[in-house]
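Subject: A structure for you, with notes

Hi,

Here is the structure I promised to pass on. Please open it beside this email and follow along.

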Amino acid sequence: MRIRELFPSETALVAQFYREAPDYWLLAEGRCDPERQAQEFFTDAPPNCDPAQSDRLGLFVNQRLSGVAEVSYGFPEPNDAYLGLMILGPWVQGAGHGHTFLAHVETLARKRHAARLYLAVLDVNPRGRAFWEREGFTPTGLSRKDALTGHTTYRLGKPL
């Protein structure tokens, strides 16, 4: 297993990963549009965050892109980090790779002096929420209902 930075020149690789692992997108949006979502992986960021300062990571297992993560800095507060996305392919789930990937994300956030790491979890993803809670994330009390999908997202946080 290897974790490394991903670059915009690898958008096609991320799109291929999304084609092979569409589960999150189907759950979140009801459809998977790998090309659009791969483009957004390299350009999206939370409010007041510079996408160019985000970490965009790939988890490789046997040289195959098997997970992606995006971490932004400065949201919701200037000294916070926000894990906007972390997806593992179903072929590597349940083998401890999520824990290892998250530990890498936390190390990067600490190096940038982030005090806390935040993320949002969908109400329709109880398995994902259970993972985050096992990893030490707790509810912040903030939630938001998406008018388009009807899903509610809950913000969780963890001190670093």
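First, some ground rules. This is a predicted model, in which local features need pLDDT of at least 70 and side-chain atom pairs count only at pLDDT 80 or more, while totals for chains, interfaces and linings use all residues. Residues are numbered from 1 along each chain as its sequence is written, and side-chain values use heavy atoms, with hydrogens and water left out.

**The cores**

A nonpolar core here is a set of buried Ala, Val, Leu, Ile, Met, Phe, Trp, Tyr and Cys residues joined through side-chain atoms within 4.5 Å. Buried means under 20% relative accessible area, exposed means over 50%, and partly exposed lies in between (1.4 Å probe, protein chains only). The largest core has 25 residues, and those touching the most other members are Leu83, Met86, Phe101, Leu102, Leu117 and Trp132. At least two residues each come from β2 (55–61), β3 (64–73), β4 (80–88), α4 (97–111), β5 (116–122) and α5 (126–134). Helix α4 gives the largest share, 5 residues. These labels follow DSSP runs numbered from the N terminus: helices are H or I with at least four residues, strands are E with at least two. There is also a second, separate core of 15 residues, including Leu6, Val14, Ala15 and Ala38.

**Helix α5**

Which residues of α5 are buried? They are Gly128, Phe131 and Trp132. Looking down the axis of α5, these buried residues fall within an arc of 95°, so they line one face of the helix. (The arc is that of the directions from the helix axis to the C-beta atoms.) An α-helix has 3.6 residues a turn, so residues three or four places apart point the same way. On the other side of α5 you will find Pro126, Arg127 and Arg134 exposed. The buried residues pack against β4, α4, β5 and β7 (152–159). Just after the helix, glycine 136 has a positive phi of about 100°.

**Glutamate 135 and its neighbours**

Glutamate 135 sits in the loop between α5 and β6 (138–145). Setting aside neighbours within four places in sequence, glutamate 135 is in contact (heavy atoms within 4.5 Å) with His99, Leu102 and Lys158. Its side chain makes a polar contact with the side chain of histidine 99 at 2.9 Å. A polar contact is a pair of N or O atoms within 3.5 Å; within protein, one must be able to donate a hydrogen and the other to accept it, and residues adjacent in sequence count only if both atoms are side-chain atoms. Glutamate 135 is buried yet has no salt bridge, and the nearest side chain of opposite charge, lysine 158, is 4.9 Å away. For charges, Lys and Arg count as positive and Asp and Glu as negative, while His and the chain ends are not counted.

**Salt bridges**

A salt bridge needs a side-chain nitrogen of Lys or Arg within 4 Å of a carboxyl oxygen of Asp or Glu. How many are there in the whole structure? The search finds 12. In one of them, lysine 158 pairs with glutamate 106, with the closest N and O atoms 2.6 Å apart. This pair links distant parts of the chain, 52 residues apart: lysine 158 is in strand β7 and glutamate 106 in helix α4. Lysine 158 counts as buried because its relative accessibility is 13%, and glutamate 106 counts as buried at 8%. Elsewhere, Glu29, Arg31, Asp33, Arg36 and Glu40 are linked in a network of salt bridges.

Enjoy exploring!
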